[in-house]
Amino acid sequence: MAERAGVSLATAARVLRSEASVNEVLAERVHKAAAELNYVPNMVARNLRRGSGNTIGCVIGEMLDPYFAEIAESVTVRAEEAHSMMAIVSNMQRSAQLELKHCRQLWEQRVDGLIIAGGGFDQRTHAEKFTALVKQITAAGVVVVTLSPRLVDVPSFTVDNGAVGALMANHLVGYGHKQVGIITGPPNSETTTQRLRGMENVLRDAGAHVHVKHADYSPESGSEATAELLTERPEVTGILAAADSMAVGAIGGVQSVGKSVPEDVSVMGLGRTRLSLYSSPALTTVDVHLAAHARAATDYIAAMVRGGEPDEFSPMEPTLVTGSSVGEARNQKPLRS
C-alpha cells in the first residue's frame, strides 16, 4: 500500500493511525491506495505487537431476552463513549457448552477483558471445565469479571440475589398472600438458587405455603408453568416470577385458566426491563440495576487494562417498583401496616 501511494512505510503507518502531523496530500494518497487494495488494519496483530488493545468481550445468556439486551447495550455504549473501546457481544443461547466455546473464542481473539453475563441455565454440569477455563484466561492476562454469581475467583458485579428474593416475597406477604407460586429458572443455576432461597425463607417465616415450578425464562414458559401451577393448585393467590419476561407470560397464564390479575392472582416480576413497561396490568417488579452494574464492570476492565486504579465497587440495593399487578389476597387479611 505504501508503495502504491508513493510514500514511506512510516508515513503510511502514521496516516492509518490518524496522526495529524501527516501532510494532507500524502494522507489522501495513502487512503486512496488503501481503498484500491481493500486494506483493513489487522487489529489482532497490532494488539499483539503493542501488548494490549481496546476490546472487551461480553458473553450474554440470550440475545432476545430484554434482561440481557440491556446488559449488552450498557456494555457496548459505555465501552465506546467512556473508554473508546469496542465491545464484542457473544450470544451463548443459555447453553453451558456454548458459553465455554465463546469464552475460549474471545480469548483467542485477544480481547483485553471479558464480561461473563450468562445466566439462567445449568451451570453445574460443566462447572469444573468453566472454572479451569477462567483460570487459563486470567493467567494469560485477560481481565475477567462476571455479572452474576458463578463461584469463580474473579470480581463479580451483581446485586445481592438473596435480598432480591426476600424483597419480592416480603411485598407479596404484605398483601396477605399465604398460597404462593414461584416460577423460576433451572435449578442448577447459582442465581436461581440464591433468589429462590431468599423467597422461600421469607414466605415460610410468614407461614405461607410455597409451590415451585422450574422453567426457562421465556414468556411462553412463564405462561405454561403458571397455567399448570394454577390447575394443580387453584388455591394459589400470588405468583413470584424470576424474570419480567416470565411474569408477562404468567399474566397470560392466569388469564388462560379463567382468572384475572390482580383480582384473583397477583403476579410479580424481576428485572425492571423494558418489557415490564408494556405489560397489562402494569407489572410490579424489582429493579436489579442491570445497566449500572454492567457499566461498573466495563469501567473496571478499562482501568485494569490501562494500568489505572479501578473504582471500588459497591453493589446497588434492589429496588421495588410498584405497578398494578399485585393486590390483596382473596379472603385473607393483609399483613402490611
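This is a predicted model: local features need pLDDT of at least 70, side-chain atom pairs count only at pLDDT 80 or more; totals for chains, interfaces and linings use all residues.

Residues are numbered from 1 along each chain as its sequence is written, and side-chain values use heavy atoms, with hydrogens and water left out.

Let me begin with a sheet of 4 strands, open and parallel, in the order β2-β1-β3-β4. Helices (H or I, at least four residues) and strands (E, at least two) are DSSP runs, numbered from the N terminus, and two strands pair if DSSP finds at least two bridges between them. At the edges stand β2 and β4 (143–146), each of which pairs on one side only. From one strand to the next, the twist averages 20°; axes here are lines fitted to C-alpha atoms, for helices over the stretch in contact, and angles run from 0 to 180 degrees between N-to-C directions. Strand β1 (residues 55–60) is joined to β3 (residues 113–117) by 5 bridges in the parallel sense, and I56 has G113 in β3 as its bridge partner. Helix α5 packs on this sheet and touches β1, β2 and β3, its direction making about 175° with that of β1. Helix α12 also packs on the sheet, touching β1, β3 and β4, at about 165° to the direction of β4. Contact means heavy atoms within 4.5 Å.

I turn to another sheet. Here 4 strands form an open, parallel arrangement in the order β6-β5-β7-β8. The edge strands β6 (209–214) and β8 (266–268) each have a single partner strand, so one side of each is left without a neighbour in the sheet. Neighbouring strands are turned by 20° against each other on average, direction ignored. Between β5 (residues 179–184) and β7 (residues 238–241), which run parallel, there are 4 bridges, and G181 stands opposite I239 in β7. Helix α8 (residues 161–173) lies across β5, β7 and β8, at about 165° to β7.

A cavity is, on a 1 Å grid over the protein atoms alone, a set of points where a 1.4 Å probe fits but cannot get out; lining residues have an atom within 4 Å of a point. Grid points are joined across faces, edges and corners, and the volume is the space filled by probe spheres set on the points. The largest cavity contains about 280 Å³ of space. Of its 25 lining residues, Y67, S148, T191, R195 and L290 lie nearest its centre. Two or more lining residues come from each of α5 (66–83), α9 (190–205) and α12 (290–305).

Next, a helix pair. Helices α2 (residues 9–16) and α3 (residues 24–36) pack at about 85°, with axes 10 Å apart. They are therefore roughly perpendicular (65 to 115 degrees). In this contact, T11, A12 and V15 of α2 meet L26, A27, V30 and H31 of α3.

Finally, the backbone. Cis peptide bonds join V261 to P262, with omega about 5°, and S280 to P281, with omega about 5°. P262 is in the loop between α11 (244–256) and β8, whereas P281 lies in the loop between β8 and β9 (285–287).

Conventions
On a 1 Å grid over the protein atoms alone, a cavity is a set of points where a 1.4 Å probe fits but cannot get out, and a pocket is an open set with protein on both sides within 12 Å along at least five of seven lines; lining residues have an atom within 4 Å of a point. Angles under 35 degrees count as roughly parallel, over 145 as roughly antiparallel, 65 to 115 as roughly perpendicular and the rest as oblique.
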